[in-house]
Amino acid sequence: MSALTITGLRKSFGGLNVTRDVNLNVEPGERRLIIGPNGAGKTTLFNLITGDLSPDAGTINLLGRDITAVPSRRRAHLGMARTYQIITLFGRNSILHNVCLALLGLSPLRWNPFIDMKRQGHIVEDARAALQQVGLERIADRPLSQTSYGERRRVEIAMALAQKPKVLLLDEPFAGLSIDERRDVHKCLMGIPRDVTMVMIEHNMDVALEFAERITLLHFGEVIVEGTRSDVVNDPRTREVYLGH
Amino acid sequence: MNARTISLAIAFLLLATVPVWIPGIYYVNVASQVLIYAVFALGLNILAGYGGLVSLGHAGLFGISCYATGYLLQAGFGHSFAIIAALVAGVAATAVFAVLSLRSSGIGFIMITLALGQILWGLAYRWISLTGGDNGINIKTRPQPFGYSLADANHFYYATLIVFLIAIVMVTIFARSPLGAALMGTRDQPRRMNALGYHVLAIRFWACLFSGLLTAGSGILFVYYTQFISPQTLSLTSSAEVLLMVISGGAGTLLGPVVGAALVVIVKTVVSGFIERWNFLLGAIFVAIVILMPEGLVPGSARLWRLATRRRGQKTPPVKETAP
């Protein structure tokens, strides 16, 4: 059973076809890289997979279950988590609070208006454990407004990991990072256990190629090349539309 | 005991002794009004402050509980029944408001709540057989819980204080709870909250109901305080006024709406006795708050205090090291 299967996925905005009959099959534990020039429809594809957008046609299967019509919020409960290209966090709160929110999202406790959130020991412990995974445990109580861009990227990853996803979608996790920050994020991505299937969009080929086992190249909403690292990198179409040399 | 506990204890002591240190019944009644509007503002703050959903129709919900109380008392029902039924009516009306308005957020939400509030105001004016129209509904008596007649200004103040304290405790617990945190999350990043597994619409719906409960509670206190209800209570001006209380005090804070309510009520009732153009003064105060403390009086004062203490700390000359 595949972790994620996409069949004939189509999406258009007016006359603009942003996703054209995309087929994708990601095996459990796989590290899949999605590349393509700007406007290729990579983030739209992620938004379709997570349910932020509804497809015009096609199906999405998560761990053998058809989730095409499942609301976005339910997909998180079924084992899907994502990070965003533009960091989307809760800027007024601490790092720990951000991760606690991620944990509560899947807990029935989220409906409770009576208990003190900070006193939910198991939630706080799990949040700290997730922060430890990304190396931010020692600054867990720091307000998010006092963190660097790279640390925020890692908070995003910690929030996704805290939900113990089966499929993790990472939208340009290295975007805008310095060399040091990139190294930190890379280290924490490499430390994610194999039971988490990862699909990543990334432009930075140095770090992305090291991460990926299989690569899918999108161009104008279509999958034009798919295969192993060497297959895709050596394909002339990849050079023509993406690598440019 | 830390500074926060001491401040709270002093505040409680001051509130509990208002009839002792405030001269005259008139000012005790003003204090009651402050507390009534504080509960109302706390209710709106759940939506506008914690939920980021600015409502311009809350006076309509406030008015529904007022009219429900007045109508039931006029129809011969007892105080207990009238109060419970008015609470239920207020919350039920909020549920209808929520179902109709939560399909949108931002400016759309404001416009729908404004329209719904205006519909209720129009009904209050025109449905004369139910509301008495312009003449309104008079209430002849106040309740007598445990034999204490609330007809006495001091007793009524204490009853209002109890409701106010219950409201404060409820909001404090809510704001610290997972549901409260989720509501604030939907205010800041609704899309992210959705992706994290939260049902944004349902969270906002429950927040509306809680807001409606506090609004209904304040409406019941109000109608017992004035012993009269007319369509004016449901007007857009009333909705805007309570929104100004929330914003001027500090939306999304616990004490902000209370301070905002005190400011507006005191200027409206006390200062207006000394200054003919009190509207101008109130406007000038709001402009000053927006310019100097855009986040509101409570968080703004806290910010200025922090700034002042930091500067004082910087000005303190370093301690000279002395040779051993």
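Q: Which residues of helix 12 of chain B are buried?
A: The buried residues of helix 12 of chain B are S239(B), E241(B), V242(B), L243(B), L244(B), M245(B), V246(B), I247(B), S248(B) and G249(B). A residue is called buried if 20 or more other C-beta atoms lie within 10 Å of its own, exposed if 12 or fewer do, and partly exposed in between, with C-beta atoms placed from the backbone. Helices (H or I, at least four residues) and strands (E, at least two) are DSSP runs numbered from the N terminus.

Q: And what am I looking at, and how does the numbering go?
A: This is a predicted model, in which local features need pLDDT of at least 70 and side-chain atom pairs count only at pLDDT 80 or more, while totals for chains, interfaces and linings use all residues. Residues are numbered from 1 along each chain as its sequence is written, and chains are lettered from A and ligands numbered from 1 in the order in which they are written.

Q: Back to that helix: why call it largely enclosed?
A: Because 10 of the 14 residues of helix 12 of chain B are buried, the helix is largely enclosed by the rest of the structure.

Q: What about its length, and what comes just after it?
A: Helix 12 of chain B covers residues 236-249, and at 1.5 Å a residue its 14 residues should span 20 Å, which agrees with the 20 Å between its end C-alpha atoms; the expected span is 1.5 Å times one less than the number of residues. Just after the helix, G250(B) takes a positive phi of about 130°.

Q: Zooming out, what is chain B made of?
A: Chain B has 15 helices and two strands. Its radius of gyration is 21 Å, close to the 20 Å that the globule rule gives for 324 residues, so chain B is as compact as a globular protein of that length. That radius is taken over C-alpha atoms, and the globule rule is 2.2 Å times the number of residues to the power 0.38. Of the 324 residues of chain B, 46% count as buried.

Q: How many residues does each chain put into the contact between A and B?
A: Chain A gives 24 residues and chain B gives 20, where two residues are in contact if their C-beta atoms, placed from the backbone, lie within 7 Å. On the side of chain A that touches chain B, helix 2 and helix 3 (95-104) of chain A each supply at least two residues, and helix 2 of chain A gives the most, with four.

Q: Switching to chain A, is strand 8 buried or exposed?
A: Strand 8 of chain A (residues 197-201) is mostly covered, since five of its five residues are buried. T197(A), V199(A) and I201(A) lie on one side and M198(A) and M200(A) on the other, and both faces are covered. In a regular strand the side chains alternate between the two faces of the sheet.

Q: Which strands pair with it, then?
A: Strands count as paired if DSSP finds at least two bridges between them. Strand 3 (residues 31-35) of chain A runs parallel to strand 8 of chain A with four bridges, and I34(A) has I201(A) as its bridge partner. Strand 7 (residues 167-171) of chain A also pairs with strand 8 of chain A in the parallel sense, over five bridges, and L169(A) stands opposite V199(A).

Q: Where is the antiparallel pairing?
A: In chain A, four strands form an open sheet in the order 2-1-4-5, with antiparallel pairing. Its edge strands are strand 2 (16-26) and strand 5 (65-66) of chain A, each pairing on one side only.
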